[in-house]
Each structure stands twice: as C-alpha cells, then as structure tokens.
Amino acid sequence: MLKSYKHEGVICAEGNLLKNSKISRKIFSFIIDGLVIDTGPYSMSSAFTQFYQSYFVDQVVLTHSHEDHSGNASWFAKQQIPIFCHRLGIEICSEEAPYPLYRQKTWGARKAFPAYPLSQKVSSRQLDWEVIETPGHADDHVALFCRNKGIMFTGDLYVQPHTKIAMDTESIPEIIQSIKKLLTYDFEAMFCSHSGYFPHGKEQLQAKLNYLEDLSGEIMQLYLEGKSVLEIQQLLFPKHYQMIALSNGEWDTLHIVTSIINGNQEKFKKSSV
C-alpha cells in the first residue's frame, strides 16, 4: 500500500508493509527538486516504481545502504539515473541482497546496483544540500540538510522517540553523538524515513536525545552497582519482542544494554590515557 502527499515542497511516498493484520511497518521515500532520498524496499517495488514514473528525477541519494532504503535503487540504475551513498556503502550496494533471509522475506531480496560516493555537498536543480555523517544505526549513515529551506532528512536516526530494540551492529553512544551533531544545525522540519514528516523536528530529536541520555545514565548506574548485562536487560526491558526470535538475535533489547556499556567503557579508557 502506497500513498503520497506533500509537505514544505517535499513529496512524501509513504509505504505501509503489512506483516499481518495487526503489525505494519511504514517506510518513506522522498522527492524534492528532482532529488530522490531513499527508495523504499524491493518488496514494494511495483508501487514505488509506478510512483516514481510520475516525476522527473535527476539523482538518488541514500541515507544508508540498508535494504528498506535501497530496495528500488536498481530500478533507477536501469534508467541511467545516478545513485549516491556514503563511501562505506558502495561495496554493499554492489552485492545481491547481502543480508539474512528473514530480512529478505520482509523487505525483499534487492538487486545489486552501482553507487557513487557522496561528497560533503550535493546540488539539486535549485537547492544545495549538506551531507552530514551520522553513524550509529549504520556505519554508512548520513543525514541531508538544506540550509535555505531549513529542513533535515534523518534516515533512520530518529524513527521513534523511545528506542526499545536494536540491531547487533548499532551503537547507542554513536547515535547520541550523531543526534547532537544534527541539533547544531538550524532547522525545523524533519523528514524521517520510517515515521515521515515532523514540522517541529528539532524538538523531536531533542526529546530522543534526552531519552537516550537518561537511559544511558540508568544503564551505567546499574552496571557500576554490579548488575550483569542480563539483569539490566530484565529490569529495563522486560518485554520480549517477536523480532528477537524472528531475527535469531540480530535484533534484541540486549544490544541496547551492551552497546551503551561498551561505548562508555571506551570513553573511560580514552579519558584515563
């Protein structure tokens, strides 16, 4: 299911991937000034590519190489439209569905495609964009900022105000630093690739930062009191999510705890040198 609408000059294509009658997952692709930001999942290729055919597109920028964002990039490559991503994502993009089977069943087995490395600046027809490295969710994650319009595209940096489950490759301390970096920019509107448009996006990001910093403090306090990682998980995240078993542990609340402890231990080591 796909619907489209416009906010602040940005065309928002909202895909809704229904897993069953109770669970759905939103995913967005955006078009502004001839620039496509993220391309949706391959499992919804029919809907997304039909949508793209209604617009003149000059180039595609991926906020990162994950399959729910790069799934239809191969379609653009066939149209001879250049695709850009962070240099760390170039090799990943050149591979056929380099991710686990459960993700292929959810988001589709996306095709390989050629991508070019992003520079620090991107120009569309009438607008200039700053490319901001924002690791944490993925090493190749970037945000896009248009100073003239005061809008920020945040990929998967925001998603939701309270992080309840994380991938084993995610780093909560890095996400915190990336959010802090974005908050130094002068913007209001935020476009998130999973939750869409926020007219007061800076406030939303600040609220997420507050939550993650409070959570980090709570986890480190429990850890310094002698609680084990599993004890902290059970205290703070008692709910057992279906995704944990479905992903064979690639997604787990445990990863939130371990990434915060590991990240803060690294900071302690650096400060003692």
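1. Basis. Residues are numbered from 1 along each chain as its sequence is written, and side-chain values use heavy atoms, with hydrogens and water left out. The model is predicted: local features need pLDDT of at least 70, side-chain atom pairs count only at pLDDT 80 or more, and totals for chains, interfaces and linings use all residues.

2. An open sheet is built from 6 strands, in the order 8-9-10-11-13-14, with mixed pairing. Helices (H or I, at least four residues) and strands (E, at least two) are DSSP runs, numbered from the N terminus. Two strands pair if DSSP finds at least two bridges between them. Strand 8 (121–123) and strand 14 (196–198) stand at the edges; each has a single partner strand, so one side of each lacks a neighbour in the sheet. From one strand to the next, the twist averages 25°.

3. Helices on the sheet. Helix 6 packs on the sheet and touches strand 9 (128–133), strand 10 and strand 11. The direction of helix 6 makes about 155° with that of strand 9. Helix 7 also packs on the sheet, touching strand 11, strand 13 and strand 14. Its direction makes about 65° with that of strand 13. Contact means heavy atoms within 4.5 Å. Axes are lines fitted to C-alpha atoms, for helices over the stretch in contact, and angles run from 0 to 180 degrees between N-to-C directions.

4. Helix 6 against helix 7. Helix 6 (residues 172–182) and helix 7 (residues 201–224) pack at about 145°, with axes 10 Å apart. The crossing is left-handed (the near helix is turned anticlockwise from the far one by less than a right angle; clockwise would be right-handed). Helix 6 contributes Ile172, Ile175, Ile176, Ile179, Lys180 and Leu182. Helix 7 answers with Leu205, Lys208, Leu209, Leu212, Glu213 and Ser216. By class, this contact has 8 nonpolar, 1 polar and 3 charged residues. Ala, Val, Leu, Ile, Met, Phe, Trp, Tyr, Cys and Pro count as nonpolar, Asp, Glu, Lys and Arg as charged, and the others, Gly among them, as polar.

5. Strand 11. Strand 11 (residues 151–155) is mostly covered, with 5 of its 5 residues buried. Buried means under 20% relative accessible area, exposed over 50%, and partly exposed in between (1.4 Å probe, protein chains only). In a regular strand the side chains alternate between the two faces of the sheet. Here Ile151, Phe153 and Gly155 point one way, and Met152 and Thr154 the other.

6. Neighbours of strand 11. Strand 10 (residues 142–146) runs antiparallel to strand 11, joined by 3 bridges. Phenylalanine 145 has methionine 152 as its bridge partner. The hairpin of these strands has 4 residues between them, and glycine 150 takes a positive phi near 65° there. Strand 13 (residues 189–192) pairs with strand 11 in the parallel sense over 4 bridges. Glycine 155 has cysteine 192 as its bridge partner in strand 13.

7. Cysteines. The disulfide count is 0, taking a pair of cysteine sulfur atoms within 2.5 Å as a disulfide. For cysteine 146, the closest cysteine sulfur is in cysteine 12, 15 Å away and too far for a bond. Cysteine 192 is in no disulfide either; the nearest cysteine sulfur, again that of cysteine 12, is 11 Å away. Cysteine 146 is buried at 0% relative accessible area. Cysteine 192 is buried, also at 0%.

8. Positive phi in loops. Most residues other than glycine have a negative phi. Aspartate 38 has a positive phi of about 70°. It lies in the loop between strand 4 (35–37) and helix 1 (45–52), and is buried at 0% relative accessibility. Alanine 97 has a positive phi near 40°. Its loop runs between helix 4 (90–93) and helix 5 (101–107). Alanine 97 is buried, with a relative accessible area of 14%.

9. Two further loop residues. Serine 65 sits in the loop between strand 5 (59–61) and helix 2 (67–70), and is buried at 5% relative accessible area. Beyond four places in sequence, serine 65 touches Ser70, Gly89, Ile92, Cys93, Arg110 and Asp140. Lysine 227 is in the loop between helix 7 and helix 8 (229–236), and is partly exposed at 31%. Lysine 227 touches Leu222, Ile232 and Leu235, not counting residues up to four places away in sequence.
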